[in-house]
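I opened this notebook to record, in order, what I looked up and how each term was meant.

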Amino acid sequence: MQDVQRKIREEAKNLLAAGRVDLIIGFEEASLPLRASPVFIHNEDDLDMLVWNSFCENNLATYLTKVVGRKVAVVAKGCDSRSIVALIVEGQIKREEIIVIGIPCRGMVDRRKIEKEVEGEILEAGEKNGEVLVKGDDFEGVFKKEDYLYPSCRTCKYRNPVISDILIGEKIKENTEVDEYAEVKEYEKKSIDERREYFGREMGKCIRCYACRQACPMCYCEECFVDSSHPKWIEKGLDSSDLTIWHIMRAYHQAGRCVDCGSCERACPMEINLRFLTKKINKEVKDYFNFETGLDIKVAPALATFSPDDRQDFIDSGEEPAGESQGKTKL
Amino acid sequence: MKKISKKGMNEFIQSLMADYIILAPASTDGIFSFKPVSNFEQIDLSYQNSKKPPKEVFFPQSETMFNYKNGKVESTEKVKQKKILLGIRPCDARANILLDKVFAGPDHKDVYYTNKRENTIIIGLGCSKSLSTCFCTSFGGGPFSKEGLDILLMDIGDKYLAQVITDKGREVLNHKFREATREEVRLAEKIKSEAEKRISSRVEIEGIKEKLDRMFEDLFWNKLSQECIGCGTCSYLCPTCHCFDIADEAVNSEGKRVRNWDSCMFPLFTLHTSGHNPRPTGKERMRQRVMHKFNYFVENYKEPACVGCGRCIINCPVNMDIRKVLKEILEV
């Protein structure tokens with residue numbers, strides 16, 4: 001980790017010194033333990049602020065659509081790099097304007113999971129040899145990092161950046177064993193009533209702060225449908241019908257676009273399980289179009305292309321449903 | 001000073017349920033908020049603090065002001081429902097005093113707010129569970145501050161000491177409360193002074209207002225707003241933020257007028273009908289949030305709109321820390 005951090009600073013220094021970029025987006029030390037904070041570095045004097053550790057949980061690609069036109073270098077984990085690819089494919093950023101400082105990532109630590117394990121407030125945190133060490137007023141704790149990763153990190157299959165101009169550290173072995181849709185499959189097994197109950201319970205926690213939307217690199221709409229007043233698609237209160245529409249539309253709009261970085265869920269102050277919806281839709285897109293977003297800048301998004309070979313069985317022919325595939329269209 | 005055993009507290013609260021709606025800290029999947037409870041078991045007074053501040057009791061996130069149908073208007077704010085807000089922390093009680101200045105000031109009284117406020121008795125709970133992000137003492141508060149409370153409870157182990165602060169508070173006390181002994185009062189004093197010492201985080205606010213007076217056009221705001229992602233977490237979880245938006249939810253001539261929380265961090269907040277937005281980017285929005293709290297509010301009400309509860313620090317998705325911001329302002 002220290003080594004990676006040192007190299008990030010070195011590379012960033014070279015980029016700024018050579019005038020290749022005028023902005024580095026990375027992480028700095030946070031004011032709270034178990035956290036790191038996104039930082040914008042404009043000059044060489046500030047390079048020592050850059051850090052790298054297992055708490056760099058934000059997807060920095062989310063800033064790229066806000067600094068269009070500038071020459072930017074961005075620190076990117078596997079998931080961040082996929083978002084960058086997706087943004088290039090969707091024409092939101094230009095490949096030549098972005099320098100990707102790619103970092104193979106073994107996953108980020110789920111701070112809430114660790115916080116729940118201890119009695120009292122964690123005042124200091126660090127890591128060493130794959131372990132997270134925490135300290136409070138009258139306790140200490142050691143946690144195996146592997147067991148305390150964010151849910152999206154636990155099932156991540158793209159730990160190595162899919163694009164990078166500068167790769168820091170050795171590539172690591174991808175995690176091919178894990179079933180990334182295990183949780184979705186469990187959800188699919190539930191009855192409609194059980195699913196509705198779970199959905200309602202999770203979404204009922206929402207306070208509509210839109211942290212999920214703001215943290216997401218793919219939520220770059222100039223005007224989000226919830227903010228439109230002409231026409232007004234949705235009311236602004238906490239009525240369950242409005243919360244339902246917000247969350248379903250948010251997930252639908254991610255169809256074939258979500259890289260499952262988990263940023264939405266990490267940003268949510270109410271700790272809502274937001275990924276179960278987007279993950280479900282990722283699975284549908286994978287099943288129907290054998291497509292995963294953010295892997296190749298030359299491949300157009302599944303929902304922006306048409307091929308005569310695409311599955312058509314979701315189109316209502318007016319006939320009685322038959323065959324297995326019908327089941328898949330049901331939520 | 002009165003006292004009541006913890007078991008007695010259970011019975012006391014249970015007995016109040018006949019005449020009052022009790023709003024108390026209760027958890028849903030580990031997230032605390034102030035909810036109406038129907039029995040004492042649902043209450044968890046060992047909580048640290050609520051995620052959503054108790055301001056929602058007087059100023060709900062979404063509130064119907066009135067219904068209308070074919071030109072006839074029916075207010076939904078007729079019933080005076082007596083409530084007890086139990087177990088709130090002194091920082092949040094202080095925040096209510098700041099909200100009073102806005103919603104219940106001498107010039108403007110908001111009927112929806114004052115109706116709920118006047119009909120609610122607030123029983124606070126002294127805070128010996130402060131976090132490293134707490135800085136209430138920087139804003140004139142304290143973990144055992146009485147401001148904004150009708151009764152202050154102090155947990156001394158097997159019982160609570162109760163300090164009656166207002167007549168409203170005295171009314172609800174019953175025979176279950178006894179006079180506390182001198183030892184018990186001394187113990188409470190000790191717990192209080194230890195709690196005050198625990199608040200180690202401090203911010204300097206002296207001179208902030210005057211500094212901000214001269215900073216509207218400063219480049220500081222460009223820098224400050226860069227990493228902010230523009231969500232409403234800080235405003236919605238702030239016990240003093242009080243901006244709202246009024247909307248009609250209607251079909252033809254039938255509907256309701258609703259008041260919802262709004263956040264200055266949202267692009268829609270100042271969007272004009274013409275399409276012009278005087279706060280088009282994060283820079284103007286971040287400046288507004290800081291200015292409102294530490295300059296405009298001071299200008300209008302003689303004190304800043306922050307009580308140092310630390311919610312914005314803990315919950316910010318990108319770890320923006322208001323303590324750091326205030327420090328940087330003084331350094332500009």
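I began with burial: a residue is buried if 20 or more other C-beta atoms lie within 10 Å of its own, exposed if 12 or fewer, and partly exposed in between, with C-beta atoms placed from the backbone. I noted that this is a predicted model, in which local features need pLDDT of at least 70 and side-chain atom pairs count only at pLDDT 80 or more, while totals for chains, interfaces and linings use all residues. Residues are numbered from 1 along each chain as its sequence is written, and chains are lettered from A and ligands numbered from 1 in the order in which they are written.

**Helix α8 of chain A.** I found that A:Asp242, A:Leu243, A:Trp246, A:Arg250 and A:Ala251 are buried in α8(A); helices are DSSP runs of H or I with at least four residues, strands runs of E with at least two, numbered from the N terminus. I saw the buried residues pack against α6 (192-203), α7 (211-215) and α10 (275-289) of chain A, where contact means C-beta atoms, placed from the backbone, within 7 Å.

**Chain B against chain A.** I read that 31 residues of chain B are in contact with 29 residues of chain A. The largest share of the chain B side, three residues, comes from β11(B).

**Domains of chain A.** By an automatic or database domain assignment, chain A is divided into domain 1 (2-110 + 149-319 + 323-329) and domain 2 (111-148). Their centres, taken over C-alpha atoms, are separated by 26 Å.

Terms used. Contact = placed C-beta atoms within 7 Å.
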